[in-house]
Amino acid sequence: MHTSLALIQHGAQLVADGNGVPNPGAKAPKGVEQKASDIMAYIKWGSFFLIVAGGFAGVGALVGGKVLGHHKSASVGIGILFVAVIAGIIWAAWYAFITA
């Protein structure tokens, strides 16, 4: 009970001072910047690899559907290519969105 009372008194003192609760700026702990940078690089190149692999899969489905006469497969291949192109555009522009 004594701890709760001290906490209430301290909070009341902060409010009474008019300064409010201090709000320090965001700052990464020491040594974390490089690790976070490495993780973002892995995510960036991993997603790039998945977009390229999706593009190749779309081309494969499109060509295979046309050659073998499976028109639904060719339609799915076009859809996959469309999604890969949109994902590539978003992948190229994401850094500008984040830093803006």
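These exercises work through the fold, the aromatic pairs and the surface of a predicted model.

**Exercise 1. Overall form**

Determine how many helices and strands the protein has, and decide whether the protein is spread out or compact.

Solution. 
- Step 1. Count the elements. The protein has 3 helices and 0 strands.
- Step 2. Read their order. From the N terminus, the elements run α-α-α.
- Step 3. Look at the box. Along the principal axes, the C-alpha atoms fill roughly 80 × 30 × 25 Å.

**Exercise 2. Burial and contacts**

State what share of the residues is buried, and what share of the contacts with a separation of 6 or more joins residues 24 or more positions apart.

Solution. 
- Step 1. Take the cut-off: buried means under 20% relative accessible area.
- Step 2. Apply it. Of the 100 residues, 8% count as buried.
- Step 3. The protein exposes about 8300 Å², and carbon and sulfur atoms supply 73% of it.
- Step 4. Sort the contacts. Among those with a separation of 6 or more, 42% come from residues 24 or more positions apart.

**Exercise 3. The aromatic cluster**

Classify the ring pairs W45–F48 and F48–W91, and say which parts of the chain the second one ties together.

Solution. 
- Step 1. A pair of aromatic rings is described by the distance of the centres and the angle of the planes.
- Step 2. Count the pairs. The structure holds 3 aromatic pairs.
- Step 3. W45 and F48 both sit in helix α2 (residues 32–68). They are 3 residues apart, so about one helical turn separates them.
- Step 4. Check the cover of F48. Its relative accessible area is 35%, so F48 is partly exposed.
- Step 5. Take F48 and W91. The ring centres lie 5.0 Å apart, with the planes at 35 degrees, so the pair is tilted.
- Step 6. F48 belongs to helix α2 and W91 to helix α3 (residues 71–99), so the pair ties together parts 43 residues apart in sequence.
- Step 7. Ring pairs link W45, F48 and W91 into a cluster.

**Exercise 4. A nonpolar surface patch**

Name the residues of the nonpolar patch on the surface, then decide whether I86 is buried, partly exposed or exposed.

Solution. 
- Step 1. List the members. The patch is formed by F82, V83, V85, I86, I89 and I90.
- Step 2. Give its area. Together these residues have about 590 Å² of accessible area.
- Step 3. Locate I86. This residue is in helix α3.
- Step 4. Classify I86. Its relative accessible area is 37%, so I86 counts as partly exposed.

**Exercise 5. Distances between helices**

Find the C-alpha separations of I8 and I90, S4 and F48, and Q34 and W91.

Solution. 
- Step 1. Start with I8. It lies in helix α1 (residues 2–17). At 60% relative accessibility, I8 is exposed. I8 and I90 are 82 residues apart in sequence and 49 Å apart in space.
- Step 2. Move to S4. This residue is also in helix α1. S4 is partly exposed, at 43% relative accessibility. S4 and F48 are 44 residues apart along the chain, and 53 Å separates their C-alpha atoms.
- Step 3. Finish with Q34. It lies in helix α2 and is exposed, at 52%. Q34 and W91 are 57 residues apart along the chain, with 22 Å between their C-alpha atoms.

Definitions and conventions:
Residues are numbered from 1 along each chain as its sequence is written. This is a predicted model: local features need pLDDT of at least 70, side-chain atom pairs count only at pLDDT 80 or more; totals for chains, interfaces and linings use all residues. Side-chain values use heavy atoms; hydrogens and water are left out. Rings of Phe, Tyr and Trp (its six-membered ring) pair if their centres lie within 6.5 Å; planes under 30 degrees apart count as stacked, over 60 as edge-to-face and the rest as tilted. Helices (H or I, at least four residues) and strands (E, at least two) are DSSP runs, numbered from the N terminus. Buried means under 20% relative accessible area, exposed over 50%, partly exposed in between (1.4 Å probe, protein chains only). The radius of gyration is taken over C-alpha atoms; the globule rule is 2.2 Å times the number of residues to the power 0.38. Contact means heavy atoms within 4.5 Å. Accessible areas come from the Shrake-Rupley method with a 1.4 Å probe; for residues, only the protein chains shown count as cover. Patches are made of residues with over 30% relative accessible area and no salt bridge: like charges are joined within 9 Å, nonpolar side chains (Val, Leu, Ile, Met, Phe, Trp, Tyr) within 5 Å. A salt bridge is a side-chain nitrogen of Lys or Arg within 4 Å of a carboxyl oxygen of Asp or Glu.
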